[in-house]
Amino acid sequence: MTTRASTGLHDKPLWRPDRARTDAAPITRFAAHLADRQGLAFANYESMWRWSVDELELFWSEVIAFFDVRFETPPRAVLSQRTMPGARWFEGGTLNYASQLLRRADGADAMMRPALVFRNETGVELTTSWRELADLTGSVAECLRRLGVAAGDRVVAYSPNIRETAVALLATAACGAIWSSCAPDLGATSVLDRFRQIGPKVLFAVDGYRYGGKPFDRRGLVAELVAQLPTLEAVVFIDYLEPNGQAHRVVPVRDGLRAIAWSEAIATPQPPRFEAVAFEHPLWIVYSSGTTGMPKPIIHGHGGALLEAMKGSALHLGITADDRMMWFSSTSWIMWNLWIGNLALGTTLIHYDGNPGYPDLGTLWRLAADSRATFFGTSPAFIAQCMKAGVSPRRSFDLASLRTIGSTGSPLTDEAYRWVYAEVADDLLLASISGGTDPGAAFLSAAPTLPVYAGEMQCRNLGAGIAAFDDDGKPVIGQVGELVCTTPMPSMPLGFWGDDDGARYRASYFETWPGVWRHGDWLE
């Protein structure tokens with residue numbers, strides 16, 4: 001894919017933030033924080049970006065301070081080695097990803113304030129308060145512990161974007177176990193290609209799902225997964241296609257395997273207990289597409305995923321605790337993981353399960369209007385569908401709350417930029433971002449204090465030394481080159497599961513230019 005970092009030289013901007021939006025932006029508050037603590041002042045975004053890359057250790061230590069990230073054990077240093085691969089972040093420090101995400105559950109309004117707002121294509125709606133989310137997490141975490149799950153064990157899910165999947169991830173993280181998920185539209189071969197590599201102990205699985213108005217029973221496929229995953233010791237069945245069903249009873253019984261219902265897992269709501277783990281303790285495993293071989297099982301850590309969730313969403317997308325954020329995603333896509341991370345900011349998350357084009361392309365826009373979403377995340381493919389179908393969300397729905405449109409997955413065309421401002425709203429940030437599964441972050445992103453130009457991403461991410469390299473490994477401006485990152489980031493993979501000597505990891509990113517991450521995309 002080819003992307004363009006914004007230069008502001010190609011055209012008149014489609015949008016500029018007004019003074020009120022600029023003043024309220026978290027990145028503006030972060031600049032004031034740096035002025036107060038370090039006496040720093042920046043003439044523009046580019047100068048802040050340059051400082052963040054040149055002074056990596058100071059930048060990330062101030063991110064920790066600004067977002068009040070709480071360590072159980074304080075780290076000895078920010079960055080032990082400024083090398084790639086081999087960078088060691090916040091050594092000696094311990095924390096827990098789920099603990100940080102559920103801090104709002106202790107607030108005075110935790111029983112009333114929504115953490116999750118859900119809808120599916122059958123019309124089922126469910127709102128979950130912060131206290132409910134924490135208590136469900138605590139119950140499922142204790143269930144996992146009773147099943148023998150400990151720090152470092154793998155827990156996997158074959159489940160769509162529903163509340164149960166979010167709870168299962170948080171519970172897994174609370175135990176210090178390692179999470180991985182696949183959406184139930186994947187077939188047995190695709191799932192087994194992923195899960196067999198990591199040897200899971202527990203599987204969360206739905207009995208089926210609905211898509212485009214049709215039911216898809218997955219009980220037979222789950223039975224196949226159980227038969228082909230010999231490391232499994234337990235299956236937690238979620239009756240989603242047939243609520244209050246008995247799906248857990250269809251799993252073939254074998255020695256040492258337990259099959260229980262989700263209702264049993266959540267039988268005793270309770271505040272969660274969190275296992276304090278090292279900053280770089282594995283949090284989840286996500287996968288490359290597998291189009292050129294077996295999918296790479298990419299490991300990200302507790303601390304890196306947390307810092308990137310907070311920095312990337314707040315400073316670049318402008319997300320705060322006052323936002324109501326939806327990003328349509330499958331649980332097979334890292335955007336689902338990154339969407340979950342916004343809980344760390346106290347944000348209300350809106351999610352949908354089903355076909356976004358059923359019964360029509362107004363489905364997601366309707367949810368955004370009904371839920372008063374302030375942030376609507378999607379893909380260029382969905383925007384292109386809406387354009388082709390002549391959809392005009394601003395004429396059909398009340399989108400007065402909407403302040404930001406997010407887009408990722410492929411480049412957004414000039415025409416798509418113009419369609420958003422013509423047919424969605426003329427006063428919003430269009431945040432087209434690029435990065436992905438491998439780094440667990442965006443490399444190119446947005447800033448609510450910068451103008452938006454058609455066909456261009458606004459900026460390089462803070463703390464990320466992004467450049468375009470020519471064939472000789474030299475940075476170039478104004479011409480297409482290889483997208484590279486010249487600085488380590490806390491969210492970068494800890495490695496690949498099973499790649500004990502790191503050979504596959506090094507070959508994937510660092511073989512072309514030693515010490516430089518080569519991403520495999522083109523950038524101007």
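**Entry 1**

I began with T374, which is buried at a relative accessible area of 11%, where buried means under 20% relative accessible area, exposed over 50% and partly exposed in between, with a 1.4 Å probe and protein chains only. The model is predicted, and for that reason local features need pLDDT of at least 70 and side-chain atom pairs count only at pLDDT 80 or more, while totals for chains, interfaces and linings use all residues. Residues are numbered from 1 along each chain as its sequence is written, and side-chain values use heavy atoms, with hydrogens and water left out.

I placed T374 in the loop between α13 and β17; helices (H or I, at least four residues) and strands (E, at least two) are DSSP runs, numbered from the N terminus. I then listed the contacts of T374, leaving aside its neighbours within four places in sequence, and found D323, R324, S401, L402, R403 and T404, with contact meaning heavy atoms within 4.5 Å.

R372 follows α13 and has a positive phi, near 55°.

Strand β17 (residues 375-378) runs parallel to β18 and is joined to it by four bridges, with G377 opposite G406. Four bridges also join β18 to strand β19 (residues 429-432), again in parallel, and here S407 stands opposite S432.

Between β18 and β19 I followed the chain through helix α16 (residues 414-423), and the three make a right-handed β-α-β unit; right-handed here means that, with the strands pointing away from the viewer, the path from the first strand over the helix to the second runs clockwise.

**Entry 1: β20, β21 and β22**

I looked up an open sheet of three strands in the order β20-β21-β22, with antiparallel pairing. Its edge strands are β20 (434-436) and β22 (459-460), each of which pairs on one side only. Three bridges join β20 to strand β21 (residues 441-445), and G435 stands opposite A442 in β21.

How many residues of β5 are buried? I found five of its five, so to speak a mostly covered strand. R154, V156 and Y158 point one way from β5, V155 and A157 point the other way, and all are buried. β5 runs parallel to β6 and is joined to it by five bridges, with Y158 opposite C182 in β6. The chain crosses from β5 through helix α7 (residues 163-174) to β6, and this β-α-β crossover is right-handed. β5 also runs parallel to β7, through four bridges, and the bridge partner of V156 in β7 is L203.

**Entry 6**

A search of the whole structure gave me 30 aromatic pairs, counting rings of Phe, Tyr and Trp (its six-membered ring) with centres within 6.5 Å, and calling planes under 30 degrees apart stacked, over 60 edge-to-face and the rest tilted. The rings of F59 and W60 have centres 4.9 Å apart and planes at 70°, so I recorded the pair as edge-to-face. F59 counts as buried at 0% relative accessibility, and W60 is buried with a relative accessible area of 0%. Ring pairs link both into a cluster with F30, F42, W51, F66, F67, F71, W89, F90 and F279.

Last, I noted that the charged end of R460 sits over the ring of W49, 3.7 Å from its centre, the criterion being NZ of Lys or CZ of Arg within 6 Å of the ring centre and within 35 degrees of the ring normal.

Key. Two strands pair if DSSP finds at least two bridges between them.
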